[in-house]
Amino acid sequence: MFSKDQITGTLVNYYVTCKREAWLYAHQIHADQEDENVLMGKALADIKEQDLQEFAFGNLKFDKLSKQHGHYLITEYKKSLKNELAGKMQLLFYIYLLKTGLNLKELKGKLISGKKVILVEDSSENFALIEQILGEISALANLEKPPKFTQGKFCQNCAYHDYCTA
């Protein structure tokens, strides 16, 4: 049985992008490791490791945590923001877990890709949204079979394309 404790930022990102991809990932079915996007992601992770200290909290890993002007700031770097909402929800998930797990008073997030910067706040509305998403992910991951394939705008470059048929 899959529990909310098993949810990672990557799973939140995948869920917002594609329910089928999220189910596969939750069931430890891995994407094509030779896919160009996977290889590029690994190369970028290697570069980030040289320049940044990755922070871990529970089963989470995020790029940077700092204290600025009386609040904590989580920064997450992405190679692209083709799915901006997925990146924002992943960052909101980190904020939610850190704030509820450590009882921090103020926590903000910054998502960076190239010159684009997106700020994410720790509002009660955002927390209600992420709690809803976490419940939906748990329910999805506990399904016996993955959701049926539906063509989406991110399918063309998905490393899980071998698991889907059009």
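Which residues do ring pairs link into a cluster? I began with this point and found that Tyr-14, Tyr-25, Tyr-160 and Tyr-163 are the ones joined in this way, where rings of Phe, Tyr and Trp (its six-membered ring) pair if their centres lie within 6.5 Å, and planes under 30 degrees apart count as stacked, over 60 as edge-to-face and the rest as tilted.

**Ground rules.** I note that this is a predicted model, in which local features need pLDDT of at least 70 and side-chain atom pairs count only at pLDDT 80 or more, while totals for chains, interfaces and linings use all residues. Residues are numbered from 1 along each chain as its sequence is written, and side-chain values use heavy atoms, with hydrogens and water left out.

**Overall layout.** I looked up the secondary structure and found five helices and six strands, taken as DSSP runs (H or I of at least four residues for helices, E of at least two for strands) and numbered from the N terminus. Along the sequence I read the order α-α-α-β-β-β-β-α-β-β-α. Of the 166 residues, 38% are buried, a term that means under 20% relative accessible area, with exposed over 50% and partly exposed in between (1.4 Å probe, protein chains only).

I then turned to helix 4, which covers residues 84–102 and whose buried residues include Phe-93, Tyr-94 and Tyr-96. Just after helix 4, I found Asn-103 with a positive phi of about 55 degrees.

**Aromatic pairs.** I counted five aromatic pairs. The rings of Tyr-96 and Phe-127 are edge-to-face, because their centres are 5.2 Å apart and their planes stand at 90 degrees. Since Tyr-96 lies in helix 4 and Phe-127 in helix 5, this pair ties together parts that are 31 residues apart in sequence. Tyr-160 and Tyr-163 form a tilted pair, 5.9 Å centre to centre with 45 degrees between the planes; Tyr-160 is buried at 2% relative accessible area, whereas Tyr-163 is partly exposed at 36%.

**A loop residue.** Last, I checked Asp-63, which sits in the loop between strand 2 (60–62) and strand 3 (64–68) and is buried at 5% relative accessible area. A polar atom of the Asp-63 side chain lies 2.7 Å from the backbone nitrogen of Tyr-77.

Notes:
The expected span of a helix is 1.5 Å times one less than its number of residues. A polar contact is a pair of N or O atoms within 3.5 Å; within protein, one must be able to donate a hydrogen and the other to accept it, and residues adjacent in sequence count only if both atoms are side-chain atoms.
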